[in-house]
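Let's take a friendly walk through some side-chain contacts. Have the structure open beside you and look up each residue as it comes along.

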2 protein chains.
Amino acid sequence: MANDKKFVEAITSMEEDFAQWYTDVVKKAELVDYSSVKGCMVIKPAGYAIWENIQKELDTRFKATGVENVYMPMFIPESLLQVEKDHVEGFAPEVAWVTHGGLEPLQERMCVRPTSETLFCDFYAKDIHSHRDLPRLYNQWCSVVRWEKTTRPFLRSREFLWQEGHTAHATAQEAEERTIQMLNLYADFCEEVLAMPVVRGKKTDKEKFAGAESTYTIEALMHDGKALQSGTSHNFGDGFAKAFGIQYADKENKLQYVHQTSWGMTTRLIGAIIMVHGDNSGLVLPPKIAPTQVMIIPIQQKKEGVLEKSYALKDELFNAGFRVKVDDTDKSPGWKFSEAEMRGIPVRVEIGPKDIEANQCVVVRRDTREKTVVSLEQLETKVREILDTMQKELLERARDHREAHTYQALNYDEFKETLETKPGFVKAMWCGEEACENQIKEDTSATSRCMPFSQETIASKCVCCGKDAKKLVYWGKAY
Amino acid sequence: MANDKKFVEAITSMEEDFAQWYTDVVKKAELVDYSSVKGCMVIKPAGYAIWENIQKELDTRFKATGVENVYMPMFIPESLLQVEKDHVEGFAPEVAWVTHGGLEPLQERMCVRPTSETLFCDFYAKDIHSHRDLPRLYNQWCSVVRWEKTTRPFLRSREFLWQEGHTAHATAQEAEERTIQMLNLYADFCEEVLAMPVVRGKKTDKEKFAGAESTYTIEALMHDGKALQSGTSHNFGDGFAKAFGIQYADKENKLQYVHQTSWGMTTRLIGAIIMVHGDNSGLVLPPKIAPTQVMIIPIQQKKEGVLEKSYALKDELFNAGFRVKVDDTDKSPGWKFSEAEMRGIPVRVEIGPKDIEANQCVVVRRDTREKTVVSLEQLETKVREILDTMQKELLERARDHREAHTYQALNYDEFKETLETKPGFVKAMWCGEEACENQIKEDTSATSRCMPFSQETIASKCVCCGKDAKKLVYWGKAY
């Protein structure tokens, strides 16, 4: 299959250069293109359709927990951004500033939202009066802007798409419960839909969100052994409420401050899908998130009956609930095979005159390349079986990969050597001091990814300073 | 019902002050709140849920015609905005300028997109090479910014949500067909889903979009007799293609310019729904777009069995496919009735101990206030019947209202008098000269809304200058 080779050769192998492989997949699978706006991306139909599926699934899960969608302005007046001290320090250095509206300079400059805590707080301060108004469980789908110096499609760009949930509660306990609930919702979504295992845990103070009391995170391991923070959930306590004056009258008519949370997931997840499941033929999409699950490729499509049969199979599979297309372009079958592979379509169905005569077709599974000859009566059953199995096995394979690349270190030499020679997570004990995190970052460029919910005691002393250990931490180099 | 009155008295009657009535409805139905960002709005859950339904329905209709969704950057470098002359003249005076990224001034300032023709063109110029790449049928859902001086929620705000479709075609004919196809899609959507009749037509050159060869529009008539432009579809011919160098190799391998269209609908539609269907008790939502179609209101809800029965009815109606809620808050029934009315919920179901005993409930239709006692076995059938009838009758009533407020004028005195004394559309003949449009605007503040597709010849001379008439035009004062 000459065409096939030619097409595939166009991408760098991941063993040779993982970063280049990633860029090649992003481009050749037509997920993204670079734009004339530096650091911003054009999300093309194949990429945006993945995001739409992510949105649909997350939005349904949010709403099932009582969350409602709203829309806040995209601008934040400078004075509003400055209300909460830690928050402004964290974000001011990386925002885009609007200084002119129409032909005139603004009286006060505004930034394009890097995140919307300040806008939600400003709104809640006016909108919440009584305990009857609580909880407020709001979310918005929008884009945000952070003026990054170095950018990469999906992983780090000056503008990206996300959802940001912002809730307000009567009590500290309720806020903490919501923070954890949303983190678990994210983790379940990653595992059940994206087939991507994650470590659930808490960020250290050094790594937490600007203005948060505590930040929870899910951390996934990419194929190259680097970690990717895939979703975060923050508990603000009443810090923002005090800064913005968000109070409600409780049942005894006493004024109380609300307790708040926020949580977000972004188009970064598409980068995670690529780096967890992709291979040297391109993208591999978990069936549950794949915009097209089955691509039917007619062989000798000009022969009588081939296209008709292809469309008939498409209708049959569509009616059975699958997302299915026929590639009836005038490219060669080999080219179409490689394209379907590059785009990560879970199942391809090949059907030509001889197959039709024999009342069968060839079914190929994307990740394993397993080919099966299937009788046309059995096609629907077989496709369902492959999609289910593939979804399950992608998760298992990713979990195996993560397990195989999760190490532990009992002393600092071992720790440094592991980080230098074995890409992956390193589990090690930590004293709780930021000084050790700084030391470790300087020595290894690794950061604390999280203090996992499932704590173990693998040693009694901090791996860095040797003082009494407080927590087990997952360390790693990260995107 | 004392509570009921109190709640309703809080809104101004539309006969007394239509503008204030509109503002009151927007606030009391909790669709929108003002924000600390001047001219920008906070879209609250009740408002955003309407937008989500609009999105869902339009998006499905777009995709059925082959349209795919993408996402372009929100920024436009100044040099890119300036490529097409008419376009930059139309938009430059009303854009917001970003001049600083992080702590540093930008080398070139960028505006926040007021519309994305220039970004799509820049992308198409790199992305389209061959006739095989055509047509390109892209759409994006996003927010845009136009630095308006005076703003009103939904109708005119500095930031608003919309969709913008941008297509590229091989031939002028195909582009024209797509322009008309999308206009008709918009019109059908307004009539079938929003129960809002529209006049379909073409804008005069004076009123067309900056950079377009021709602009088509749908114009709706609000309750106060003012027109609202509700959706537009533009044919750019090859003007943008020549300015941006968007060429493809045709089947003979000759380079040709593409022909382009764009088309958009915005959150303005929510304003239209309010002003077409609303009444002095608040919002009236057409059943097909209502986030909640049925509100069940328990009477004496503390009595045994009342809440249980309410939830059981909710489940039953939910399973029958309706969007239904129970108002189980601790407010009085009268208050709940007014709230459900204010929010425009098409059907309310009242159920109390006596009803339960008699195996019945009271069903009230929002627009007519018609009350029916319905046996519980018949509830599902009755609700379906009411929703269907209401959807149909809202459209009929709005059409009747429009017909009753569409006048014609055969000479200029009649024209001016009609515009002064009878709010509505005025049909009159026009010579085709911009001078007459300017004169009419100066004399009456009315503008040409469109040259309707259904042309008639009601006179032979232009209503303004008396020269030979070329077109019948709908004139009116507009939002």
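## A salt bridge to begin with

Which residue forms a salt bridge with R343(A)? The partner is E30(A), and the closest N and O atoms of the two are 3.5 Å apart. Keep in mind that this is a predicted model.

R343(A) sits in the loop between α11 (333-342) and β17 (347-351) of chain A, while E30(A) sits in the loop between α2 (18-28) and β1 (32-34) of chain A. The pair links distant parts of the chain, 313 residues apart. R343(A) counts as partly exposed, at 28% relative accessibility, and E30(A) is partly exposed too, with a relative accessible area of 35%.

Over all chains, the whole structure has 67 salt bridges. One of them joins R399(A) and E191(A), whose closest N and O atoms are 3.9 Å apart. R399(A) belongs to helix α13 (residues 379-404) of chain A and E191(A) to helix α7 (residues 172-192) of chain A, so this pair ties together parts that are 208 residues apart in sequence. R399(A) is partly exposed, with a relative accessible area of 32%, whereas E191(A) is buried, at 17%.

Are D279(A) and R366(A) buried or exposed? Both are buried. These two also form a salt bridge, with their closest N and O atoms 2.7 Å apart. D279(A) lies in the loop between α9 (268-277) and β15 (294-298) of chain A, and R366(A) in the loop between β18 (360-365) and β19 (371-375) of chain A, so they tie together parts 87 residues apart in sequence. Elsewhere, salt bridges that share partners join K27(A), D33(A), K44(A), D127(B) and R136(B) into one network.

## Aromatic rings

Now for the rings: there are 38 aromatic pairs over all chains. Why is the pair of W51(A) and W141(A) called edge-to-face? Their ring centres are 5.9 Å apart and their planes meet at 75 degrees, so the pair is edge-to-face. W51(A) is in helix α3 (residues 45-64) of chain A and W141(A) in strand β7 (residues 136-145) of chain A, so the pair ties together parts 90 residues apart in sequence.

## A charge over a ring

Finally, look at R109(A), which lies over the face of W97(A), at 3.8 Å from the ring centre. In chain B, R109(B) lies over the face of W97(B), at 3.8 Å from the ring centre.

Key. Residues numbered from 1 in each chain as written. Chains lettered and ligands numbered in written order. Predicted model: local features only at pLDDT ≥ 70, side-chain atom pairs only at ≥ 80, totals over all residues. Heavy atoms only, no water. Phe/Tyr/Trp six-rings, centres within 6.5 Å; stacked < 30°, edge-to-face > 60°. Helix = DSSP H or I, 4+ residues; strand = E, 2+ residues; numbered from the N terminus. Lys NZ or Arg CZ within 6 Å of the ring centre and 35° of its normal. Salt bridge = Lys/Arg side-chain N within 4 Å of Asp/Glu carboxyl O. Buried < 20%, exposed > 50% of the residue type's maximum accessible area, 1.4 Å probe, protein only.
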